Amino acid sequence: MTDHISKKKFMEELRRYQKGSVTRRHFLGVTGLGAATAVLGSTMPGLRATTAMASDIGDRVVLATWPNYHDEANFDMFTDKTGAFLQVNVFGSNEEMLAKLQAGGSGWDVYVPTNYTITTYVEEDLIEPLDLSKLPNYDPAAFDPRFSDAGIVDGVVYAVPKNWGTTGMAINMSHNGGKPFTSWKEFFDRTMDDFSGRTMVHDYQLTTIGAALNYHGYSFNSVDEAELADAEKLLIDVKPHLFAITSDYQPAMRSGDAWLTICWTGDGKQLSTDIPEIAYALGKEGGELWSDYYAIPKGAPHMEAAYALINFMLDPEVNAREVLAHGYPVADSRTNELLPEEVLNDPILYPAAELLNALEFGAAATLTDPNRAELLARFKSA
Amino acid sequence: MTQRLRNWLLVAPAAAWLIVMLVLPLSVVFVFSFGERAPSGGYVPAFTFEQYANLPARFTAFKNTLILAPLGTIMALLIAYPLAYQLAVRTSQRWKTLLLVLVIVPFWTSILIRSYAWIFLLGGGGIPALLASLGIEDVRLIYTPFAVLVGIVYGYLPLMVFPIYVSLERLDKRLLEASADLGAHPATTFLTVTLPMSISGIATGCMLVFILLMGEFLIPALLGGGKVFFVGNALVDLFLQSRNWAFGSAVAMMLIIIMLVTVTLYMRLISRLNVQRDDAQLM
Amino acid sequence: MRLYAFCVYVFLYTPIAIIALFSFSAGRSASQLEGFSVKWYGRAVNNPFVMDALGNSIFVAFVSATLASILGTLMAVGLQGIRGPVRAFFDALIYIAVMIPGIVIGIATLIALVTVFDVVNPWVASFWADAAAAPKLSMGMGSLIAAHTMFTLALVVIIVRARLSSLEAALSEASADLYATPFGTFRQITLPLIAPAILAGFLLSFTFSFDDFIIAFFVAGSETTLPIYIFSSIRRGITPEVNAIGTMVMVASLILLIIAQLILRGGAKPKR
């Protein structure tokens, strides 16, 4: 760790702290005493963060995240431990998060951007570089770089990995003779046939347009105008047959109102655990491979609480509970050591290599491409 | 202090408020509607009619709004009028207040929560399950235009009941008795006395509900499953998803123009009806 | 007819009954009843976000309704004595303010204020020695109150003016003939007569502001009002906590209404 600061800087910080212009947390963090205390604390259970000590992070923290993405018990535990209550705001797309941050004053302390969006946040100066001394639970060596690299832009760590996953589909197999679908071709063709009125797609340009592009055998990330035009035509044709356009598709799949949906790994895992007829499948044409990160937006109102929350969520034990609740794979080897064998061998979380190889990471260009944004809006208002 | 100066001083604070918080924002929307989308979203100054030329891309949203808003208004009127009549004319003084309050009480829970209750009621486990047990299978209600219509009628019913109730309450009951005494058929009495006398209430109620429906966004979003799109939804999408402020401003300008035209025409019509009624009374 | 009225009440109250019913569920799901419990009420009351949001909502509604009542009444009275194009201009403004959908007001206010702040903030900061420490304008409680006041003051003007125009002008002229000062006339004659309209305007404004989601959604910045809190909770998958909040707000309003009724009855007996 890089706790070493010059003697001069230390004295400056000490004076600032004595004058009261910085909080104790800041002082401890900057000077490295925080890390020392944390190490001391973790080795001596009696010294572990008591409410009294933790109270200087304030009594609240605001998290902007995705649907069905956490173990609520972990939040309760965080509140018990630190005294800070969580407000969880749920979003349906990265565009929505970006729009809220661009308009200013989102009020969030922590948010969960996806790999391909982080460079844009950095360019737009909307993301805080992380002070790793406040995240003792972050150990870069423990992470698979494939799912942690996107958090580092120009050598600066802006975001730390939460979990990764794939974008495929969930199908209620009782309406397909007990078999899942295997391709996006089937997904859309059957929607216009015997699955009419039973299919959902995301309210999200990347995955919905991506799936339509995959149907035609194009890249998930295409911004080519002719290819997008083909995708649009498909989507407009499919629209009358859709049950809903929503990124929160679990309730309708659970109630049986809908039979088929574009789906993320964890939702597929949660659904198939509770309802065995629901299967999670990847399209053989391809799809999205992604990784989500914890990050702090510029100007977060409760900065200390934000660090405390991220650090808490990175604790391997906490993270393992998260995995058991949300059903997404994590790139953290320390967490994986704590997980039962069947989770690590679950084909939903860890698809077969040939399926995985067909997937693509989202491209930053799709986030800001005006044609893709307008295409989705036209599709929804059609 | 002259009277003129005094009047000006009285008007000044509110006028300043309206100029800063209404005229300025609308002017910004007007200016932005001629601009362009910034590369990563937002607005860059320009002078182009491109955004207006692109308006047909939101044709369906305008069409949905212009069909469902009047339809919702009329349905709310049809449901509200008999109730208002019952309360104003046929209910004893004792029960009146209580029954009237019962109409507004649901209004005090957030429209969000009430709409969510409708998601449950209209979803597979609610009314369709009830119908299925009666032998009517496979009814799909949630995420349809019908669900949106139910939601908006439900949401705005009290706004329709109240003005109609007030206008009927003011109606002199002796007129109804006189009409009946003179041997008029109840239907004739209703058409010649009651209905004309309550026109002002109907007009107010319809206008309130119509204005709110034209800008509706929540109910279609919650009960329409992202498929039943109003102009309001298109606007939210443009500002909160595709971040195209210029095009969003053009859509907003179009909505304002449609509102100005329809509401002004509507007011003309109503005032003409009122004039006719006044003439009739004079005769 | 009675049966019809009964049916309408069933229509109005079925969703309310569902909300109330699920607020007592012991489970986490808001679509499946799992035992009886009042724990969600306890949770809602102890949740600082809920209480903050409620506090914000009441504060914003009270301040904007008060401002709107004062400014709106002044404007209504002032406009009575103004004729010509100026009058027509303000009449048109009031008309537009009430007629424009909330969503347009919300969006227009957001982009206008964000644009203005982008210009003003660097300018203000340029006068500060430490630019980072300079005060910054941002969306929040202030912009929310300003936007709500704009809309509700238009409502107040309309309501108060309807009352004013129905008052006989002769009344105040008579008072003027008796050598009362204009202010005296206003205070002793006009004000008591338009007081019910001002009160009605205040209550309407308060209700509007308290319940508004769409304008707040755009202009509240990082502040959370109760409808905004409910909206984000619903997107997270509604829990009975939200139902408990809804039920409590409804019951509280009902109690306030009953108290108000009792006071009004106990006070002035019918004056007509």
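Reply: From the N terminus on, chain B runs α-α-α-α-α-α-α-α-α-α-α-α-α. This is a predicted model, and in it chain B holds 13 helices and zero strands. With a radius of gyration of 24 Å, well over the 19 Å that the globule rule gives for 283 residues, chain B is more spread out than a compact globule. The C-alpha trace of chain B spans about 75 × 75 × 30 Å along its principal axes. Of the 283 residues in chain B, 46% are buried. Among the contacts in chain B with a separation of 6 or more, 73% are between residues 24 or more positions apart.

The contact itself draws 55 residues from chain B and 60 residues from chain C. On the side of chain C that touches chain B, the elements giving two or more residues are helix 1 (2-23), helix 3, helix 4 (85-99), helix 5 (102-125), helix 6 (141-166), helix 8 (182-211), helix 10 (226-235) and helix 11 (240-266) of chain C. Helix 1 of chain C supplies the largest share of that side, 11 residues. Sorted by class, the side of chain C that touches chain B comprises 47 nonpolar, 12 polar and one charged residues.

Confidence bears on how this part is read. The predictor assigns the complex an ipTM of 0.89 and a pTM of 0.87. For chain C the mean pLDDT is 85, and 90% of its residues reach 70 or more. Among the elements of chain C, the highest mean pLDDT (93) belongs to helix 3 (residues 48-80) of chain C, and the lowest (63) to helix 7 (residues 169-177) of chain C. Over residues 268-272 of chain C the pLDDT is below 50, and this stretch has zero contacts in the model beyond near neighbours in sequence.

In strand 11 (residues 287-295) of chain A, nine of its nine residues are buried. Strand 11 of chain A pairs with strand 6 (residues 159-172) of chain A in the antiparallel sense, over eight bridges. Within this pairing, A:Tyr294 in strand 11 of chain A is the bridge partner of A:Val160. Strand 11 of chain A also runs parallel to strand 12 (residues 359-361) of chain A, and three bridges join them. There, A:Leu289 stands opposite A:Phe361 in strand 12 of chain A.

Note on methods:
Residues numbered from 1 in each chain as written. Chains lettered and ligands numbered in written order. Predicted model: local features only at pLDDT ≥ 70, side-chain atom pairs only at ≥ 80, totals over all residues. Helix = DSSP H or I, 4+ residues; strand = E, 2+ residues; numbered from the N terminus. Rg over C-alpha atoms; globule rule 2.2 N^0.38 Å. Buried ≥ 20, exposed ≤ 12 C-beta atoms within 10 Å, placed from the backbone. Contact = placed C-beta atoms within 7 Å. pLDDT = per-residue confidence, 0-100. Pairing = 2+ DSSP bridges. Nonpolar A, V, L, I, M, F, W, Y, C, P; charged D, E, K, R; others polar.
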